[in-house]
Amino acid sequence: MDVKTPIYMDHNATTPLDSRVLDAMMPYLTEAFGNAASHSHSFGWKAEAAVETAREQIGKIIAAEAKDMVITSGATEANNLAIKGVAEMYAEKGRHIITSAIEHHAVLDPCKYLAQHGYTITFLKPDKFGVVSAEQVAAALTDGTILISIMAANNEIGTLAPVAQIGALAKSKGVLFHSDATQAVGKVHLDVEAMGIDLLSMSAHKLYGPKGVGALYVRRRNPRVKLACQMHGGGHERGMRSGTLNVPGIVGFGKACQIAAEEMTADAARIAALRDRLEKGIMSAVDFVTLNGHPTQRLPNTLNLSFAYVEGEALMLKMRDVAVSTGSACTSASLEPSHVLAGIGVGDDLAHSSLRFSLGKSTTEGEVDYVIAKVVTAVQQLREMSPLYEIATKK
Amino acid sequence: MFFSEKMLDHFEHPRNVGSMDEADLSVGTATITATQCGDVTKLQLRISDDGRIVDTRFKTFGCGAAIASGSLATEWLKGKTVEEALAITNAHIAQELELPPAKVHCSVMTEEAVRDAVNDWKKKNGKL
Ligand code: FES
């Protein structure tokens, strides 16, 4: 098979920079180096103009206006700003937040932090596909609920949330709705108006932009959302996030969003077809394989499978020229299996045996076929030496 | 994570993979579940009447370091007396395979397996 190795199938972790993004960024790393907050000379003006163009491009991909976008260092910061910013600002109104058990740690940890500081957090348990329904959210609402935070797409299993329904519910109850859309932006269509989203986190490096830059959408009307800033300083970003702007990063983020807006539909269809080829190829050749996540309501690029009786880290080591990730306890520093898989009811043993394949724009059919062959052999070899497989198959 | 050549060699080409008849009186069997991560290793030793290990087999459900540890142990154990076998510690294994700190615990399973397998053989043969 004629493919170049190593093969990268870990695009949910990060993506390579699109060369067009790099080209757009280059001038702002060199001659156009101005500080966007320097209002007194042309160096500053040029940087500011570039940031404002980028801000428009970034907003557009979620149907928001440039003015709604607060630039951050990434999605972790955006999530922290949204959750802690709302908690602090609306504490008078109430101290209850609803989220789910399978959010990214950048949402779970700020929530746990708040729980230690007088807030009550409800961690909703999703169904076995990873879906938290609007009905579940409705049932958890109290008079003191100030925020609902549900991710648009899960990073490990790719399951898509019914954001529009949750948004409609939040609107009808007058509760703010935040969605961590780090994985969804650039892969599926998002519209903060139509979906009733008040706060939305995003990150550039998940959509072929640079690392170290992200944004938080903050609704300005119906209702106007106010946030307590988490970074005090020069009052940048409408006072919500101080700090000199990362101009080249922001320009790159903007370009990445512009490209995604234009090419996403076609890319998603092509990538989903490759992902399905991978899924079918593996499933038809290996037994005792289960799909983690929703069979259809799922990111087009994500495939999470459990290969019973083999451990995920060993599996990855067997196919070292293919970059994937696992929910196995063996790879985590805490030696605990993935909280997402646990959250959807996957037992420790199958979480141990899970692999996540996340495809991207550069993925080819040849790569997919190569990976199928690799997986099939690796699973076979490891099962031959697995005491659990021996027990399970002994009649 | 960095893995040594030796560790990768044992992982890629594990020695003495397989099973022996558990009912055989000369065979001591151990199945160990790692407390930390839930991985499982099965180790079997065929021991002669005078207490010398003549053959070994293992199977592991676990990470690469756990597999390599099991493989190395089966090599080391062959030809050793039961006493010599019991002197093997996980530190020896971890050192030989140059396991990174985060993976040292994986070799603990192997040390326990040697002890349990020897005990199983002793029990079966009325030597305990
Ligand atoms: S056996 Fe689980 S980390 Fe090595």
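How many bridges join strand S3 (residues 96-100) of chain A to S4(A)?

A: Five bridges join S3 to S4 in chain A, and the two run parallel. A quick note before going on: this is a predicted model, where local features need pLDDT of at least 70, side-chain atom pairs count only at pLDDT 80 or more, and totals for chains, interfaces and linings use all residues. Residues are numbered from 1 along each chain as its sequence is written, chains are lettered from A and ligands numbered from 1 in the order in which they are written, and side-chain values use heavy atoms, with hydrogens and water left out.

Back to that pair: Ser100(A) sits opposite Leu124(A) of S4(A). Strands here are DSSP runs (E, at least two residues), as helices are (H or I, at least four), numbered from the N terminus, and two strands pair if DSSP finds at least two bridges between them.

Now zoom out a bit. The open sheet has seven strands of chain A, ordered S2-S8-S7-S6-S5-S3-S4, with mixed pairing. Strand S2 (69-72) and strand S4 (120-124) of chain A are at the edges with a single partner strand each, so one side of each has no neighbour in the sheet. On average, neighbouring strands are turned by 20 degrees against each other, direction ignored; axes are lines fitted to C-alpha atoms, for helices over the stretch in contact, and angles run from 0 to 180 degrees between N-to-C directions.

Helix H2 (residues 42-60) of chain A packs on this sheet, touching S2, S7 and S8 (contact means heavy atoms within 4.5 Å). Its direction makes about 105 degrees with that of S2(A). Helix H7 (residues 247-285) of chain A also touches S2, S7 and S8, and the direction of H7 makes about 100 degrees with that of S7(A).
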